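The sequence and the structure are shown first.

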Amino acid sequence: METLGLYFHIPFCKSKCPYCDFYSVTDKTLFAPYKDALCEEIKSLRRCRDFVGTNIKKRIVDTVYFGGGTPSLWGAHNINAVLQAVKENFTLSDKAEITVECNPSSPDLEDFLLRCAENGVNRISLGMQSAVDNERKKLGRSADRAKILHTIQCARKAGIDNISLDLIIGIPDQTAESLQESLDFLISTGVPHASVYLLSIEDGTFFDKNRHKLNLPDEDTAASFYLQTVDFLNKNGLSQYEVSNFAKSGFESRHNSRYWEQKEYLGLGSAAHSFVNGKRFGFDRSIQNFLNAIAPEDMGTGGDFEEFVMLKMRLAKGLTHADCKEKFGFHIPSALLKRAEQYEKHKLLTIDENGLSFTPEGFLLSNSILSDLLDSLQEEDI
Ligand code: SF4
């Protein structure tokens, strides 16, 4: 039986960062009711029973991920209550990867990390965003560089060495030098994983409404920042394994890899999405609806070949003949390979006997290239 990942969305933040459009609220009075609702759902699965069936609890859970929002603001007692409910209702592997996203500005992080580690948390993803204090302020982040370093030390003291730092590139007024300062800091901490995101200005955010006042790097500059980052991290021990993710060997995120490998996961909580029994479904962006036990929305069937191509091409190893054969019984279609050749000529793709993969330059144009590659599938009627 295939293993399962569990994702819990913790939609609480101290305040709203000016660039963020993730679902989150600031009302602390909802902390306890939300924890109770999550624990009750883990036990009864009444909200998503129509999608998951009763057999789901027999599957071995080998990754658990608390994302947000700000799980570190929600408190260790709530995280641990949810973990306890998982242990009582699912079969949690002894070797499960259990990740909690942390914001270095959250209070009492030392105690938080110790108590989470005692209950099995063995990985954190820390929202550093930049090691330059002034840049973090522009992103609405109050913790300074010393606080980030202190949080890393606290995690290690608690026994959590599997630490990922988030980095944002394309911050207003960012330069190649200030980005390098962040990259140097990141490597100097010795963490084994980094996630790097290009800042995108989402509709309705503060940054969107004030776009004209922001000195944002233009597209070419942001692209050069991305290439600078990929090159530097690859040369300094954190190898790119996905368009936005870099790791020392053996520290690739096992939970997030589920998404790119089309493996199944159950997401609980407002705004959490799932892929179970070949179906995709998601809870809407409303805590109240989750508290009121409103069922998730059906998002259709997942796992087809087009989706497989799109997800695999996010990975540095790309789309391989072997993976295609194993999952769908055929090699990469020749029409797709033929279409890919023009991109290989421009060094945006690499094609070899294993399959095809994006170069770092190709990752920057991946949306338009993928849409063209997928069009070629119609020629072979797949
Ligand atoms: S802490 Fe994270 S989730 Fe919360 S508002 Fe800021 S960026 Fe968004």
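Two residues are said to be in contact if their C-beta atoms, placed from the backbone, lie within 7 Å. Helices (H or I, at least four residues) and strands (E, at least two) are DSSP runs, numbered from the N terminus. The model is a predicted one, in which local features need pLDDT of at least 70 and side-chain atom pairs count only at pLDDT 80 or more, whereas totals for chains, interfaces and linings use all residues. Residues are numbered from 1 along each chain as its sequence is written.

The buried residues of α5 pack against α3 (71-74), α4 (76-89), β3 (91-102) and α7 (145-157). A residue counts as buried if 20 or more other C-beta atoms lie within 10 Å of its own, as exposed if 12 or fewer do, and as partly exposed in between; the C-beta atoms are placed from the backbone. In helix α5 (residues 109-118), the buried residues are Leu-109, Phe-112, Leu-113, Cys-116 and Ala-117. They lie on the same side of α5 because they cover an arc of only 120° around the axis, the arc being that of the directions from the helix axis to the C-beta atoms. An α-helix has 3.6 residues a turn, so residues three or four places apart point the same way. After α5 comes Gly-120, with a positive phi near 110°.

A nonpolar core is a set of buried Ala, Val, Leu, Ile, Met, Phe, Trp, Tyr and Cys residues joined through C-beta atoms within 7 Å. The largest such core has 98 residues, and those with the most contacts inside it are Leu-6, Leu-113 and Ala-194. At least three residues of this core come from each of domain 1 (4-260) and domain 2 (305-380). Not counting residues up to four places away in sequence, Leu-6 touches Val-61, Val-64, Val-86, Tyr-265 and Leu-266.

**Domain arrangement**

Domain bounds come from an automatic or database domain assignment, which for this chain gives domain 1 (4-260) and domain 2 (305-380). The C-alpha centres of domain 1 and domain 2 are 29 Å apart. Contacts link 9 residues of domain 1 with 10 residues of domain 2. On the side of domain 1 that touches domain 2, the elements giving two or more residues are α10 (219-235) and β7 (239-242). The largest share of that side, 4 residues, is contributed by α10. By class, the side of domain 1 that touches domain 2 has 7 nonpolar, 1 polar and 1 charged residues; here Ala, Val, Leu, Ile, Met, Phe, Trp, Tyr, Cys and Pro count as nonpolar, Asp, Glu, Lys and Arg as charged, and the others, Gly among them, as polar.

**Ligand shell and backbone geometry**

Around the ligand are Cys-13, Lys-16, Cys-17, Cys-20, Phe-22, Ser-24, Gly-68, Gly-69, Thr-70 and Asn-103, where a residue is near a molecule if its C-beta atom, placed from the backbone, lies within 6 Å of it. This shell divides into 4 nonpolar, 5 polar and 1 charged residues.

Most residues other than glycine have a negative phi, and most peptide bonds are trans. The peptide bond from Gly-68 to Gly-69 is cis, with omega near 15°. Gly-69 lies in the loop between β2 (60-68) and α3. Gln-129 is buried because 27 other C-beta atoms lie within 10 Å. Asn-277, in the loop between β10 (273-276) and β11 (279-282), has a positive phi near 50°. With 14 C-beta neighbours inside 10 Å, Asn-277 counts as partly exposed.

**Pairs separated in sequence**

The table lists residue pairs by sequence separation and C-alpha distance.

| Pair | Separation in sequence | C-alpha to C-alpha distance |
|---|---|---|
| Ser-164 and Arg-123 | 41 residues | 7.9 Å |
| Arg-339 and Asp-375 | 36 residues | 9.3 Å |
| Ser-130 and Asp-144 | 14 residues | 9.6 Å |

Ser-164 belongs to strand β5 (residues 162-169) and counts as buried, with 24 C-beta neighbours inside 10 Å. Beyond its neighbours within four places in sequence, Ser-164 has contacts that include Ser-125, Val-191 and Ala-194. Arg-339, in helix α15 (residues 334-345), counts as partly exposed, with 19 C-beta neighbours inside 10 Å. Leaving aside neighbours within four places in sequence, Arg-339 is in contact with Asp-372, Leu-373 and Ser-376. Ser-130 is located in the loop between β4 (123-129) and α6 (133-138) and is buried, with 26 other C-beta atoms within 10 Å.
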